[in-house]
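Please read these points alongside the sequence and the model.

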Amino acid sequence: MKDKYEFGLFLRFSAATVCAAAIFASVLVVCSSPLLRENRDSAAHLADLISKEEYTLPVIVIDPGHGGEDGGAVCGGVCEKDVNLSVALYFAALCRAAGLEYRLTRSGDFMLCDGGKPSKKMQDLTNRLKLTEDADCIFVSIHQNKFPQSSCRGAQVYYSANDARSAKLAAAIQKSVKENLQPYNERQIKKAGSEIFVLDRAAVPAVLVECGFLSNKEDLELLLSKDYRKKLACALFSAVMEYFSVTNETQG
Ligand SMILES: [Zn+2]
């Protein structure tokens with residue numbers, strides 16, 4: 001697949017097994033924002049687990065939604081695909097800084113398809129999921145919302161029904177975004193149906209994060225801010241740390 005399709009960065013950083021000291025130091029650095037200070041506890045707990053024995057963390061598959069001729073939602077001249085990619089690249093940078101293994105489904109403005117049949121969109125979505133097939137991983141798809149009622153705002157996280165851990169990952173993200181960035185956000189996580197292809201077909205813990213509404217004035221303004229997109233990535237990153245910590249505990 002890597003040779004056939006230009007997946008851009010198909011990056012695997014470091015070995016699958018990470019060093020406790022390195023990850024703890026890195027996580028402290030990336031969580032040093034006052035916004036994320038409370039998430040240090042889960043990072044410390046995770047580092048503690050890793051220090052006791054060699055613990056392999058799942059690969060984080062980061063999926064910036066849409067791309068190329070598929071712009072996704074468009075509002076006020078802003079294309080969803082561009083916002084998605086920006087948040088995803090910041091998220092990937094945090095994973096890289098922490099020494100976590102990750103894969104980006106796309107690193108530029110393109111679809112993951114080469115024409116022909118089935119449809120480009122179907123090829124694109126199917127190819128995104130192929131990055132989850134050969135490793136223990138989680139799948140985090142990043143999107144932006146749009147709704148006719150312009151007052152709707154705030155992040156909404158959907159989860160796949162195929163793996164019970166998906167809801168835990170979704171809950172961690174919904175909570176992190178609310179606590180760190182959107183205190184007004186009362187949305188609850190939602191189980192995805194067949195309308196969200198990547199979650200319907202995913203065989204690993206998988207979520208789709210609608211970070212905000214491009215159709216809402218306040219959200220749009222925030223999403224156009226580089227600083228806010230970095231904070232969104234921090235919120236996603238700390239939620240994944242929390243998820244790794246919790247799921248390792250429940251697995252004993
Ligand atoms: Zn989308």
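Which residue in E8 does Tyr159 stand opposite? Tyr159 stands opposite Val207. This is a predicted model, in which local features need pLDDT of at least 70, side-chain atom pairs count only at pLDDT 80 or more, and totals for chains, interfaces and linings use all residues. Residues are numbered from 1 along each chain as its sequence is written.

1. Strand E6. Helices (H or I, at least four residues) and strands (E, at least two) are DSSP runs, numbered from the N terminus. Four bridges join E6 to E8, and the two run antiparallel. E6 also has two bridges to E7, this time parallel. Tyr159 has Lys191 as its bridge partner in E7. Gln156 and Tyr158 point one way from E6, Val157 and Tyr159 the other way, and all are buried. Buried here requires 20 or more other C-beta atoms within 10 Å of the residue's own, with C-beta atoms placed from the backbone.

2. The sheet. Six strands form an open sheet in the order E4-E1-E5-E8-E6-E7, with mixed pairing. Strands pair if DSSP finds at least two bridges between them. E4 and E7 (190-191) stand at the edges; each has a single partner strand, so one side of each is left without a neighbour in the sheet. Helix H5 (residues 165-180) packs on the sheet and touches E5 (137-145), E6 (156-159) and E8 (206-213). The direction of H5 makes about 170° with that of E6. Axes are lines fitted to C-alpha atoms, for helices over the stretch in contact, and angles run from 0 to 180 degrees between N-to-C directions.

3. E1 (residues 59-64) and E4 run parallel, joined by three bridges. Val61 has Arg103 as its bridge partner in E4. Leu104 lies in E4 (residues 102-104). Why is Leu104 counted as buried? Because Leu104 has 23 C-beta neighbours inside 10 Å. Its C-alpha is 7.9 Å from that of Ala88, 16 residues apart in sequence.

4. Helix H3. This helix (residues 80-97) has 18 residues and reaches 26 Å from first C-alpha to last, close to the 26 Å expected at 1.5 Å a residue. The expected span is 1.5 Å times one less than the number of residues. Buried residues in H3 include Val87, Ala88 and Phe91. Gly99 follows H3, with a positive phi near 75°.

5. Helix H4. In H4 (residues 120-130), Asp124, Leu125, Arg128 and Leu129 are buried. They cover an arc of only 130° around the axis, which puts them on the same side of H4. The arc is that of the directions from the helix axis to the C-beta atoms. E1 and helix H6 (197-201) are among what covers the buried residues of H4.

6. The core. The largest nonpolar core has 65 residues; Ile60, Phe91, Val140, Ile173, Val207, Val209 and Leu236 touch the most other members. H8 (residues 226-250) gives the most to this core, with 11 residues. Such a core is a set of buried Ala, Val, Leu, Ile, Met, Phe, Trp, Tyr and Cys residues joined through C-beta atoms within 7 Å. Beyond four places away in sequence, Val140 touches Ile60, Val61, Ile62, Asp63, Val207, Val209 and Leu236.

7. Overall. The protein has eight helices and eight strands. Of its 252 residues, 48% are buried. Among contacts with a separation of 6 or more, 77% join residues 24 or more positions apart. Contact means C-beta atoms, placed from the backbone, within 7 Å.

Definitions and conventions:
A residue is buried if 20 or more other C-beta atoms lie within 10 Å of its own, exposed if 12 or fewer, and partly exposed in between; C-beta atoms are placed from the backbone. Two residues are in contact if their C-beta atoms, placed from the backbone, lie within 7 Å.
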